[in-house]
Amino acid sequence: MQGIAFVRLFKPIPLLDVQGLRLGHRSLFIFPEFRGVAYGVMAVVMILGALNFAINPALIIACLFTSILLVTLTHTHRNLLGLMIEPVRFPEVFAGDPVPIALLLREVDSRPRWAIGLKSERGMQTAPSLDLGANQRGMLTLDLPPQGRGPCTIGLLTLFSRYPLGLIRAWTHVAMAEALIVYPRPEALHADHLPISVPWQGRREPGPGAGGDDFIGLEGWRPGDSFGTIHWKASMQHATMLAKRFGGDSHQKIMPDKTWLCWEDAKLPEVEARLSRLCRWVLDADARHRPYGLKLPGLTLAPGTGSAHRRRCLEALAMFHQP
Amino acid sequence: MNIAPTIAPAFSCSRRVMAWAWVALVFSLAPHLLSMPPGLSVGCLMAGCYWLWRLSGGRTPWFPGLIVQLPLLGIALSIILAEHETLFEQEASIAFLVSLIFLKMLELRRDRDLYVIILLGYFLLGTLFFDGQSLFQTFYAMAVAVLLTLVLILHQRPGASLNVCWRQAGTLVLQALPLTVILFLLIPRLNGALWRLPQSTSLAVTGLSESMQPGSISGLVRSNKVAFRVEFLTSPPETARMYWRGPVLWRLEGETWHVRSGFRDVTGSGTSWPHRETKGPGWVQQVTLEPNSLKLMFALEFPELPPEGGVLNRDRQILSLKEIHSPRRYTVVSHPDPFNPEPLTDREAQWALALPDTGNPRARELAATWKNQMADPAAIIQAGLDFFADHPFVYTLSPPQLLHDRIDGFLFETRKGFCEHYAGAFAFLMRRAGVAARVITGFQGGMVNDLGNHVTVRNADAHAWVEVWLPERGWVRIDPTAVVAPARVAEGIGEALALDPDRPPSLNPGNGFLRRWLQIWDWVDYGWNDLIIGFDSQRQIAWWTALGWVQPEYGDLVIAVIVVALLFPWILSVVVGINFSSVRRDPALMTYLKFCRKLAKAGVIRDSREGALAFGERAGSQLPHHRREILLIARACARWRYEKSFSSREIRALKRRIRDFRPRHSQ
């Protein structure tokens with residue numbers, strides 16, 4: 001892989017953005033594996049032997065083996081050619097969690113594809129291989145090793161296949177266009193960690209976590225659903241993608257009182273521990289559907305609700321004092 | 001939407017893959033197992049079966065460490081060395097390789113091990129052809145190649161069904177076949193070997209030998225092996241004149257006839273001997289010779305000039321300059337008339353009259369009377385033939401055993417014998433009567449195959465006859481067997497032995513159906529030998545020249561091989577990339593598209609996003625006087641595609657309607 005880095009000069013690495021991309025001739029590499037080279041050497045030795053001893057049937061067999069290797073070249077190449085790759089929105093990743101990477105593959109050429117794998121530069125992580133029927137979709141997932149908070153370097157992903165014989169490998173490099181930001185690890189739940197000095201106005205909930213949106217089960221994921229609702233772990237074991245459904249709606253028409261989550265209130269000595277606590281507060285406050293604001297040294301986010309607001313807050317925490 | 005993730009264990013082999021690897025390897029190695037030292041084969045098979053038993057028992061196979069493997073390897077080595085004394089000999093090294101593979105199989109666990117043994121399995125398929133190059137062996141090797149390929153596919157696709165993987169393996173091999181043929185035709189052949197494996201010195205081939213004793217020819221008759229095949233480029237002679245000359249036997253020692261010493265020594269005679277003025281056209285034969293240990297190239301009596309790679313000696317045999325390990329093809333012209341440019345040398349005369357000092361007194365006495373009564377050698381020869389004709393001699397494959405003075409016993413008591421008895425006894429009588437004589441062994445007749453228009457000569461056609469020296473005519477062929485059993489010469493060995501109870505089953509004439517099949521098989525086998533095995537560098541050049549590539553050079557062919565090999569994957573991906581499949585598979589769509597083409601000719605072109613009903617509406621409004629018909633067809637097409645209840649009667653009606661639909665242009 002490293003040995004052919006110069007090829008990158010000629011073939012630009014496709015950048016995977018929301019539109020997805022289709023694997024064309026220009027973005028596909030193909031090269032024999034070591035065992036493919038061994039096979040080729042064996043075939044050539046057989047040809048030379050057959051010529052030397054003038055045994056034509058042996059020459060036929062040796063030519064057949066050579067041809068099988070060359071035919072495999074086509075098959076391996078076509079196994080990836082024309083695949084549609086679409087990125088999957090990153091779920092929220094907290095520091096210390098494995099970073100889940102997922103690519104949605106779509107087969108649009110009406111022919112099945114077999115044994116497609118995904119590999120990351122980082123730590124040589126490999127995903128289990130995927131079989132795709134004609135005109136089907138499939139998900140390739142990969143867990144990168146856990147990271148600290150802040151922007152995450154995903155690095156180059158490699159989509160590869162050695163099908164059918166494992167002698168030849170076709171691959172493409174994919175760079176994710178979307179950046180991934182790892183949020184601080186939320187602190188474990190304790191009642192006394194709640195922001196007591198915060199001017200909580202209005203009614204107080206009896207305890208954290210008893211808020212409105214209860215997880216009530218899994219359902220088939222439908223196009224149009226947010227990618228964030230996909231339950232990856234469960235989807236892996238099913239034929240279809242599963243999405244988390246929430247219900248038990250307890251929006252009890254609580255008047256949206258404003259809550260401020262302040263850096264000063266998280267009375268902990270270390271920066272990271274404070275960020276952890278703030279992160280926990282953000283999550284809790286968000287779960288209550290209550291407007292909340294975030295005050296960090298040098299940064300104030302006005303109170304608000306919703307997933308966009310929550311993301312803004314978490315990102316602010318993640319990027320706190322990051323270059 | 002379906003998502004079907006399959007988990008592939010990256011570095012281990014599934015039990016299915018292991019089991020199939022076992023099957024494939026046993027098939028790949030089976031021919032070698034048969035020819036290896038039996039102890040070693042049994043050991044290998046036992047190791048394999050033990051391994052398979054562990055696998056089938058649901059347990060993980062036990063992987064022996066070096067502590068077990070090294071002693072096993074030592075045992076295998078000692079068995080091989082005890083048999084062959086060296087490892088650097090073809091059979092010994094193959095046996096060693098086979099035992100290594102079986103040992104390696106015991107520790108088959110990771111995919112690297114799998115690839116090692118599968119590649120060795122592929123490689124050993126090539127060595128199969130040291131023992132023979134038949135069509136059957138080639139098909140066998142191809143079938144095993146599919147099997148080995150299947151194992152690799154199974155390993156890549158742990159989740160797929162066996163059926164799907166079989167189909168994939170078959171597809172790979174089928175798609176590889178065209179390139180195989182092209183490469184076979186293109187790869188330039190070597191003239192002469194670059195290196196040689198030390199080979200077991202004696203080539204063990206059943207066939208004629210350089211000596212003849214009673215029983216040696218009749219033993220050969222039981223073998224149905226092909227000795228050579230001949231295609232006549234001129235009109236062939238009748239069977240009775242087909243004498244294929246083999247070893248010429250001069251020396252009689254006891255009961256055994258031997259070739260003269262130094263008959264291979266052709267210095268002095270060389271390739272230029274004998275020169276003669278051509279009498280008549282002669283018979284032009286194209287011989288495809290199977291390997292023989294005699295280094296003899298057979299031809300009809302009497303070859304005029306030696307073919308390439310052979311020399312003609314004074315016995316008028318064609319001697320090959322090198323060993324005949326593989327089938328060889330040559331063209332040779334023969335003339336029926338014996339012709340002798342030179343008289344017998346003194347040494348030859350001495351050889352041709354020599355007899356053992358003692359033995360067979362009655363035969364000596366009989367011949368002595370002929371010598372005293374007749375001065376003319378021709379008369380003596382006639383007397384000898386008459387002796388066979390006048391007494392009740394029987395031609396049989398299994399004459400009674402005689403202990404001593406066998407010629408006497410044969411001539412005066414049992415009077416039952418095979419061609420070697422008649423030829424041997426006749427030559428003995430002639431020599432005693434003062435006529436120089438020698439025994440010729442070879443083949444007589446052969447099976448005429450009208451499919452391939454060739455003659456197949458087998459070991460069963462082996463024969464022995466006599467040549468006598470007449471000063472004015474030279475060596476003249478006399479076949480005493482023909483006097484006793486004319487059918488042997490005229491109709492072949494099968495007919496001549498038709499009443500012999502000991503006739504081997506291979507000589508049974510059989511019914512017409514069986515005979516036909518044997519002929520077809522013989523023809524296929526001959527074609528294989530001729531076209532494939534005999535495809536050497538001259539024929540390669542001739543073949544390409546005939547195709548229009550005149551006299552390709554060695555380097556041109558190498559470049560062509562490389563270009564074809566590099567281009568083929570691209571060509572293949574273009575060919576398989578043409579999407580024949582989706583339309584062809586759906587007859588409803590095909591029918592609908594036919595309807596659309598008709599409308600397109602009338603000026604109404606379907607938009608690719610338009611459904612059948614919408615298109616029908618639009619076409620109906622553009623071609624108002626066909627509106628009813630168009631709507632009917634469009635609705636039926638839509639129903640066929642999307643409703644299961646559309647019956648075959650309706651399908652026929654719809655097809656007929658579309659066929660009869662002739663839309664006229666809107667204007």
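Eight bridges join strand 5 (residues 99-106) of chain A to strand 8 (residues 137-144) of chain A, and the two strands run antiparallel; strands count as paired if DSSP finds at least two bridges between them. The model is a predicted one, in which local features need pLDDT of at least 70 and side-chain atom pairs count only at pLDDT 80 or more, while totals for chains, interfaces and linings use all residues. Residues are numbered from 1 along each chain as its sequence is written, chains are lettered from A and ligands numbered from 1 in the order in which they are written, and side-chain values use heavy atoms, with hydrogens and water left out.

Chain A has six helices and 17 strands, where helices (H or I, at least four residues) and strands (E, at least two) are DSSP runs, numbered from the N terminus. Of the 323 residues of chain A, 55% count as buried. Among contacts in chain A with a separation of 6 or more, 67% are accounted for by residues 24 or more positions apart, a contact being heavy atoms within 4.5 Å.

A second topic is the open sheet of three strands of chain A in the order 15-16-17, for which the pairing is mixed. Its edge strands are strand 15 and strand 17 (299-304) of chain A, each of which pairs on one side only. The twist averages 15° from one strand to the next, with axes taken as lines fitted to C-alpha atoms, for helices over the stretch in contact, and angles running from 0 to 180 degrees between N-to-C directions. Strand 15 of chain A and strand 16 (residues 292-296) of chain A pair in the parallel sense over four bridges, and T259(A) stands opposite Y292(A) in strand 16 of chain A.

Helix 6 of chain A lies across strand 16 and strand 17 of chain A and runs at about 15° to strand 16 of chain A. The axes of helix 5 (residues 271-287) of chain A and helix 6 (residues 306-318) of chain A come within 10 Å and cross at roughly 175°. Helix 5 and helix 6 of chain A are therefore roughly antiparallel to each other; angles under 35 degrees count as roughly parallel, over 145 as roughly antiparallel, 65 to 115 as roughly perpendicular and the rest as oblique. In this contact, L275(A), L278(A), C279(A), V282(A), L283(A) and D286(A) of helix 5 meet G306(A), R310(A), C313(A), L314(A) and L317(A) of helix 6 of chain A. The residues of the contact divide into eight nonpolar, one polar and two charged, with Ala, Val, Leu, Ile, Met, Phe, Trp, Tyr, Cys and Pro counted as nonpolar, Asp, Glu, Lys and Arg as charged, and the others, Gly among them, as polar.

## Aromatic pairs

The structure holds 34 aromatic pairs over all chains; rings of Phe, Tyr and Trp (its six-membered ring) pair if their centres lie within 6.5 Å, and planes under 30 degrees apart count as stacked, over 60 as edge-to-face and the rest as tilted. Two of the pairs are set out below.

| Pair | Class | Centre to centre | Angle between planes |
|---|---|---|---|
| W263(A) and F320(A) | tilted | 4.7 Å | 40° |
| F388(B) and F393(B) | edge-to-face | 5.0 Å | 65° |

The pair of W263(A) and F320(A) links distant parts of the chain, 57 residues apart, with W263(A) in the loop between strand 15 (259-262) and helix 5 of chain A and F320(A) in the segment after helix 6 of chain A. W263(A) counts as buried at 11% relative accessibility, and F320(A) counts as buried at 6%. In chain B, F388(B) is buried with a relative accessible area of 2%, and F393(B) is buried with 9%. One aromatic cluster is formed by W370(B), F387(B), F388(B), F393(B), F410(B), F412(B), Y422(B) and F426(B).

## A contact between the chains

T74(A) has its place in helix 3 (residues 56-80) of chain A and is buried, with a relative accessible area of 4%. Leaving aside its neighbours within four places in sequence, T74(A) is in contact with P569(B), L572(B) and S573(B).

Notes. Buried means under 20% relative accessible area, exposed over 50%, partly exposed in between (1.4 Å probe, protein chains only).
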